[in-house]
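Let's take a friendly walk through this model, from its ligand sites to its cores and charged pairs. Please keep the structure open beside you as you read.

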Amino acid sequence: MPRITVDGRSYEVAEGRTLLQALDDLGVLMNGVDLPHYCWHPKLSIDGSCRLCQVEVEGLPKLQIACNTPVKDGMEVRTTTERVRRAREGVMELLLLNHPLDCPICDQAGECKLQDYAFEYGLSHARTREPRRPGRKRVELGPTVVFDEERCILCRRCVRFCREVPGTGELGVASRGDRSTIETFPGQPLDNPYSMNVADICPVGALTTRDFRFKIRVWFLDEVPGLCTGCATGCNVHLGVANNKVYRYVPRRNDAVNDTWICDHGRLSYKAIGADDRLVEPALRQEDGRLCSSSAEQALAEAAARIRQAVADKGPSVVGALASAHATNEDLFTLRRLLEGIGTDIAGLPVVLGESDDLLVSPEKAANATGARALGFGDPHPVLERLRGGGLDVLLVLGHDVLELLEEEPPLAGLASLILLDTHHSPLERWAQVVLPARHAAEKLGTLTNRDGRVQRLQPAVEPGWDARSEGEWLQALGRALELPGFEGTWDPHALSKAMGESVPAFAGVHLDSVGETGQVLRGVAEAGE
Ligand code: SF4
Ligand code: SF4
Ligand code: FES
């Protein structure tokens, strides 16, 4: 492997990479080696247009652009010399010639690379007297993204993204010279399932999403690492949080899962967290048929009494469960233990299916179907058949995905006891005797297993303002109310995750504290891939 020296430090790098790529592979780009760049992006083709990444290479008379200079064994690179600094200042002066001085009213302020580098390399005054080039403002490129022409630095990241990632190619550069501008092709608005990624990769405030623009200043946001739960891919995201509210999802880089992208549907799925239809209190069915709010203790006592009665009358095989592919591995491990404690193995996993593509979007519209299957939850149809045949008296249901499998008049009407744990209101409540409000993934500590068997961590980004608990926490309390052995203590996802690793072979060596920021692959899956 070639060995190169950058600012006196020696690195071993992969053959065939450019300098910026090699530094990015090593994880030192902007993390030890500060090499400003605009047009280069790790997941797009090389453009070489902004000239900001110029460096000195020993033996070459001219400065070279690091994004398009291949590494060579013995190469000596300098990124901090006076000559390099002057080149960066020159590039910044050119870019700022036409850029409006409107950071205070620009929605990108606070996360703008032009603002950052202008602060570091820009002149404090303009040397020109000519007016700045006027440009179009608030141009709707499509239903999701707004363009501000004056702010564009023509790095062409957005153009390359549309051509190379979704392959839709809606954007191009129109006109020449200082009239060049970003345009959509006639009759082809920017409208693809990944369109909003262009706002993430635009290094300036030229592209913003209609959803997020002017909602909040970014410096008020905490960026909490988390996962999108819109489908089985488990894309890594940062949740932008302020005042205990999630304002946005933006992609978090994980080359093993989603590179640096997320789909638009997943990006907007944060809205479910603070939605008006969240379940906010336990509820019990009254004798007059109404479902009325209750205390957690009353609801748990009622659920336990119904299970106890059914087991005493007809045996444990009249108790069954429908798991949820939205629940964490730890929630589902607790469900598994609860069913074992009751003495039944009647359980299934309904999963909603939908559209998919070859890029990120999976057909399974839940984040943890793979984990649920690894924990033994499978085909839900035998449970539904048993229900239809009158063989079940009590059904524990996590979430309402089962509604997709049921016909107009579901077989739930004849069920003596439906105990529902869910995050949002749904028609399933019509048949429930006990309802318990569950936490959304953004409010949970635990792990989810994506479609490739990668176990990834969730941590609470916001705290619900009511007594919502993870499904596992409710089930632990239910086990305690049933006086089952092993359910005495409080619910501890860390301990449960370790116990799961010890008792479920697929999870051996994989738990909440081992998966890190980018996840860890389940044992059987990792071995199959070797
Ligand atoms: S709109 Fe943004 S990403 Fe596109 S060329 Fe202009 S500055 Fe670059
Ligand atoms: S592909 Fe799936 S996991 Fe990724 S952002 Fe979209 S919905 Fe979320
Ligand atoms: S990042 Fe190298 S020329 Fe733009």
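Around ligand 2 sit C228, G230, C231, T233, G234, C235, I262, C263, G266, L360 and V361, a residue being near when one of its heavy atoms lies within 4 Å. By class, this shell holds 7 nonpolar, 4 polar and no charged residues; here Ala, Val, Leu, Ile, Met, Phe, Trp, Tyr, Cys and Pro count as nonpolar, Asp, Glu, Lys and Arg as charged, and the others, Gly among them, as polar.

A word on conventions: this is a predicted model, in which local features need pLDDT of at least 70 and side-chain atom pairs count only at pLDDT 80 or more, while totals for chains, interfaces and linings use all residues. Residues are numbered from 1 along each chain as its sequence is written, chains are lettered from A and ligands numbered from 1 in the order in which they are written, and side-chain values use heavy atoms, with hydrogens and water left out.

Ligand 1 has 13 residues around it, and C152, C155, R156, C158 and C202 come nearest. That shell divides into 11 nonpolar, no polar and 2 charged residues.

The largest nonpolar core has 53 residues, with Y38 and F161 making the most contacts inside it. Such a core is a set of buried Ala, Val, Leu, Ile, Met, Phe, Trp, Tyr and Cys residues joined through side-chain atoms within 4.5 Å; buried means under 20% relative accessible area, exposed over 50%, and partly exposed in between (1.4 Å probe, protein chains only). Helix α4 gives this core its largest share, 4 residues; helices (H or I, at least four residues) and strands (E, at least two) are DSSP runs, numbered from the N terminus. Beyond its neighbours within four places in sequence, Y38 is in contact (heavy atoms within 4.5 Å) with residues including C50, M92, Y117, C155 and P203.

The structure also holds 38 salt bridges, each a side-chain nitrogen of Lys or Arg within 4 Å of a carboxyl oxygen of Asp or Glu. Three of them are listed here.

| Pair | N to O distance |
|---|---|
| R253 and D24 | 3.0 Å |
| E111 and R248 | 3.1 Å |
| D211 and K271 | 2.8 Å |

R253 lies in the loop between β13 and α6 and D24 in helix α1, so their pair ties together parts 229 residues apart in sequence. R253 is partly exposed at 34%, whereas D24 is buried at 18%.
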